[in-house]
Amino acid sequence: MTLGLINANPVVHAKKKRVARPLDDPHADDAVDPLEIYDYVRDIRDPEHPYSLEQLSVLSEESITVDEKLGRILITFTPTIQHCSMATVIGLCLREKLKDCFPAHFKVDIKVAPGSHADEEAVNKQLNDKERVAAALENPNLRQLVTECLYSSEL
Amino acid sequence: MAKPTEYVKHIESYVDSSSSPSQQAASVDALAILLRNDLLTLEALVRELDLYLTTTDSIIRSRGILLLGELLTQLELKPLSDAAIHSLIGFLTERLEDWRALRGALVGCLALLRRKTDVGVVTENDAEAVMKSYMQYLQVQSMGQHDRKLCFELLECLLERYPNAVQPLGNELFYSICEGIDEEKDPQCLILAFHIVEVAAKLFPDPSGPFASYAADIFEILGRYFPIHFTHPKSEDIGVSRDELSRALLLAFAATPLFEPFAIPLLLDKLSSSLPSAKVESFKYLGYCAPMYGSDRMAKHGGALWSSVKDVLYTSPESALSVESESDGGMIFEESDIMVEALILLEGLMQQNSDLLLDMILGDEDINNFICSFLKPWDIHDTPLQLRQQLHSVGRLLAVSAKSSMASCNRVFEKFFPQMMEALGCSVGNHSDESFATEDRALSSRFNYEAVSGNAQSSFAYTGVKGLQLLATFPRSFAPVSLLLFENILLKLVSAITSNFDKKFSWGLELKALVEIGLYIEGYQESEKAATFARIVVDKFVSWISSDEPAMPLSLKMQAICETGMTGISNMLRIVQGMEKAISAKFTQAYVDGNFESVELVIKVLECYSARVLPWFEMNGGSEEVAWNLAAIIWDKIDNSSSVNLTVQNYELLGAAMTAMKQAVRRCSQESQEKIVNRAFRVLSASTLFPLKDSPFATSLSNSEDSYLNHHVDRVSCRDEWIISLYASVVIALRPQTHVQNLKMVLQLFIMALTKGHIPSAQALGSLVNKLPSKTNERHLSQEYGVEEAIDVILTSSIWNFCQSNTLRKCSLFGGGNEIHNTKCLAGLNHTSVHISAIVGLAWIGKGLIMRGHEGIKDITMTFLGVLLENTNNGDFPESCDPIEGKEQEVIPLMKSAADAFHILLSDSEDCLNRNYHSVIRPLYKQRFYNSVMPLLLSSTRQSNSIITRSMLFRSFAHVISETPLSAMISEANKLIPLLLDSLSTLTEDVMHKDVIYNVILVLSAILMDKNGQVAVLENAQAIINQLIGLAAYPHMMVIRETAIQCLGAMSELPYARIYPSRTKVLQAISKALDDPKRAVRQEAVRCRQAWASIASRSLHF
């Protein structure tokens, strides 16, 4: 009836249990792995709903790849609906979060899953262009939205 | 009649917006009383109100109308004439268009419409007028929460009370409902909105009526709320609970079959969520709605519904093994809420349209195949958990299906029962298990009977499947089982345990089954069965102890033996007998020849004693005889053997024997302890350790004895080591009252042994000085020694000479003289290890003293300090370029052991000197020691100028603070923190100190977390932060980095002005930690960085 939410009633999934990692060799180094990255980003709040990206199945551990030697992280996420205009905001949140959590030498690529978004190419381009990302984060409204998503205590 | 002046003041008080809410409420009450008692007529009041009701000042007007509305609410029970009601409702209906003064009109209309018939009600025409006015003027969603609520109440009231008045309005009404409830978010309003939909839907059941055309729109609005999710943490705050809201929505969903085309797909869609609560809700709604929508409408969803039910019940059943079923073989499940709701849904659907569903269930290939796969012989214990969950679910599924009607029951029966019976027969053959089979046959025939007789039909199919599972679940159902059958079952289980040890899970279940049976028999005092149990199970197990049969691992054997023993005292005694026999038989073999198998066996048996049997007897009030016997057996065996082979296993055996000895002795009474200690002393005195046993010991050993001791200890034979270790174990576990014979000799012996590095002797000495009576008058007549004498003997021994040439003695004699002699220091380099042993021994003795709060601890502490200081203070050991480089190698370990002695002094030990071993413990002894030693340590630290001495002093300091309770130190946190930081920076110089650093940083973090330490922390904030930044990159130990970063995170909570100057520095250090090789450190770093970044702003730019 009224033009409100983009996806008014998304399907919500259960949060997976946080499994404690088995204690590995205390003398070996722990490489950065997808689960570690996932643990940082799973609790980012959706811009539209009081659910985490994990609950909305936007992200999963499998959608993250990491190459520690080359210092690259690739995250592929799946917006809940094809025309989700929030996809770019979600991408921005991911980028901000990873910037906070990993040393600067990691190169982060963020993409929407192939076929999951109507404007796939445009979104991908926007999310991986550092000029555009910087510009977007200078927009006070966007900045506030991103901050809310990252540090929200609503979940 | 009341005079106008009386009530006008009330009116004015109410209308006046400056009066307080309580004044206003009082005026309304006063007016209502006047009206109710007919002291004032409504007409007169309205006339008086006239101007207030019609003025152009909207604030006053709204107050006036609200007054009227409030009064009408209060007068609900007062009879009014039809004409009065008509004119009032007419006026209020008109006022609905006046949005500035809306609330009063709403309140008034609501009050009038809610009136009971016997006091005069609003006519239907007037109600229709209200409805029309409502639809025309009210923009519900643009109002505030309270007004929205009133609007919804009004609408609800109209729909419920005046159905005939609203019915003709049709489409317009629904348009207005949609408009009103769309986007509503307030829980209280939502409950009303859901109820409005429910009532409206029931008002227009016609499938071609006005509701039908709006059903899609209304459901679109409603559907968004499913499943109800509360973001409010507490439902008390809003007066509505989630369950109430969910219930209201459920009723709205189920209000009309017209919702079916929208609701069922939505609910099925929500089942795909992995959120358990969403699934539970969906099933609940489906289960409730299905009967309301009717079987015709539901028929077309049958397939989808069945597949979703099957998905939950069969494909991924989420049932948990119930707690008690663990012991019954793991077949009793607690279903999750989802499964419960799914079964309720299935039940509802079966009752609605059993044929359709039964076709699907019985025709389902997965289910059929699954059941067929279980008709083959199988073993419950080998079945993975998921299969068993599925089995359980299928059982429930069939039970529910069979329950719905006679016909469906028959169909299920026809389909599966013959197969099952056949399979049972089959399983009899292959299982070669007569007892189970009999049991099963009995069960099956009972089901058969029930099925034939037509009673309790519902349970048979379920139990039919369960019958297979009952193979493992029997103990409780044994009451009617004959003795013979019982025997067979036990035999079967025992043989299963004997042969199945490689299957860990099933083995455990079988053992548990046996234990259950044992407990059951014990609980019900069935003597015949108890005898059978003892004969078949216990004796069998006991016979395993010393035989090689069966070939199962020893640890499993012992587990089986102990657990069966714990079923009852008689069984335990049998087992203890068996174990005693085994020890008697094998101990000598193990201990003399080092025969590998015997050693292993004896170790296991002894461990079993100390870990299970002895505690069990203590718990269950058994006699001390068991403990006494064990000690006696061991001493007998030692006494009777003459030599021992020293192997690695032999050390293990010795360890096990010592633990068992301590555990046994500590549980004995004073008399038995004396007997044991005397027996032990006889063995001791017969050993080669006592060539001097007849020669009189002088109060102090001469120097020649010193050399004698060192030589002698080197030659201590293995047997002697056994004897003295076991003797030390006995002494450690003695009660304070127990008298020890020949104490002086024993003391000399222990002193001699500890110089060899024999820790148990040192611990025994510590225990002795801890427990000996302190004053002569308290002493037993027979006790030849008090603690003073014992200390005299100990401290005058020449082994301490190396450190202070007997200053120790002088200290105690001349009241703490601080002079340090160094005559004999490092007299021979090869003595270093002896000296270290002596320091460790002295530390244990000190521990005994410190715990009872004895003064002697001062001398001992001074000795340690002396060792720490003397090596450098006299220039013997300058900081660099020492000509005698070898000395460094010698001195550092010695100093380290002196520093670590403080750790022994203060830390709690499991081996000795604790409550279990009857130690004398003075309250707050750690605090006292802390207070007395701290000034000494501090002054020494200030005086010393050698790096090594300083670091060793700080090491001692670190030991002291990490073992002292925080509450004792926190009051002086101000002085402590600079020292802590000093010690951290000194200790980080050497890798050797890393464990100590960790302890210190833990103390620091405890101070940071403590309220009372805050002031001190604040004063030293900069220094603490700087030190922590250094430790965040400490390369040698991960936990130090992690804790340092955690502490940094905690520092960010301090007042802004204090910590802001450090912000940049901290953030830079932390961003390095983000790249730490260890994950735990990285995670802490992220948290810490977030905390520090946010003290200035959210952004991380710096």
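## A buried serine in a loop

B:Ser19 is buried, with a relative accessible area of 12%. The cut-off explains the label: buried means under 20% relative accessible area. All of this comes from a predicted model.

Where does B:Ser19 sit? B:Ser19 lies in the loop between α1 (4–15) and α2 (21–36) of chain B. Its side chain reaches back to the backbone oxygen of B:Ser13, at 2.7 Å. Set aside the neighbours within four places in sequence, and B:Ser19 is in contact with B:Ser13 and B:Gln24.

## A partly exposed serine in a helix

Now take another serine, B:Ser213. This residue belongs to helix α12 (residues 210–223) of chain B.

The side chain of B:Ser213 has a polar atom 2.7 Å from the backbone oxygen of B:Pro210. B:Ser213 can also be placed against B:Leu258, 45 residues apart from it along the chain. The C-alpha atoms of these two residues are separated by 9.6 Å.

## Helices α10 and α11 of chain B

Two packed helices are described by the angle between their axes and the distance between the axes. Start with helix α10 (residues 171–181) and helix α11 (residues 187–203) of chain B. Their axes come within 11 Å and cross at roughly 160 degrees. That makes α10(B) roughly antiparallel to α11(B), since angles over 145 degrees count as roughly antiparallel. The crossing of the pair is left-handed.

Which residues of α10(B) and α11(B) meet? From α10(B) come B:Phe174, B:Ile177 and B:Ile181. From α11(B) come B:Ala193, B:Ile196, B:Val197 and B:Ala200. This contact is made of seven nonpolar residues, with no polar and no charged ones.

## Helices α29 and α30 of chain B

A second pair is helix α29 (residues 554–565) and helix α30 (residues 569–593) of chain B. Here the axes come within 8 Å and cross at roughly 145 degrees.

On the α29(B) side, the meeting residues are B:Met558, B:Ile561, B:Thr564 and B:Gly565. On the α30(B) side, they are B:Asn571, B:Met572, B:Ile575 and B:Met579. How do the residues of this contact divide into nonpolar, polar and charged? Five are nonpolar, three are polar and none is charged.

Most residues other than glycine have a negative phi. Two residues of chain B call for a look here.

B:Glu183 is not a glycine, yet has a positive phi of about 70 degrees. B:Glu183 is placed in the loop between α10 and α11 of chain B. B:Glu183 is partly exposed, with a relative accessible area of 33%. B:His918 is not a glycine either, and has a positive phi of about 60 degrees. Its loop runs between α44 (885–906) and α45 (925–943) of chain B. B:His918 counts as buried, at 16% relative accessibility.

## Chain A in outline

How many helices and strands are there in chain A? Chain A has five helices and three strands. From the N terminus on, the order is α-β-β-α-β-α-α-α.

Chain A has 155 residues, and 45% of them count as buried. Now take the contacts in chain A between residues at least 6 apart in sequence. Among these, 67% join residues at least 24 apart.

Definitions and conventions
Residues are numbered from 1 along each chain as its sequence is written. Chains are lettered from A and ligands numbered from 1 in the order in which they are written. This is a predicted model: local features need pLDDT of at least 70, side-chain atom pairs count only at pLDDT 80 or more; totals for chains, interfaces and linings use all residues. Side-chain values use heavy atoms; hydrogens and water are left out. Helices (H or I, at least four residues) and strands (E, at least two) are DSSP runs, numbered from the N terminus. A polar contact is a pair of N or O atoms within 3.5 Å; within protein, one must be able to donate a hydrogen and the other to accept it, and residues adjacent in sequence count only if both atoms are side-chain atoms. Axes are lines fitted to C-alpha atoms, for helices over the stretch in contact, and angles run from 0 to 180 degrees between N-to-C directions. Angles under 35 degrees count as roughly parallel, over 145 as roughly antiparallel, 65 to 115 as roughly perpendicular and the rest as oblique. A crossing is left-handed if the near helix is turned anticlockwise from the far one by less than a right angle, and right-handed if clockwise. Contact means heavy atoms within 4.5 Å. Ala, Val, Leu, Ile, Met, Phe, Trp, Tyr, Cys and Pro count as nonpolar, Asp, Glu, Lys and Arg as charged, and the others, Gly among them, as polar. Buried means under 20% relative accessible area, exposed over 50%, partly exposed in between (1.4 Å probe, protein chains only).
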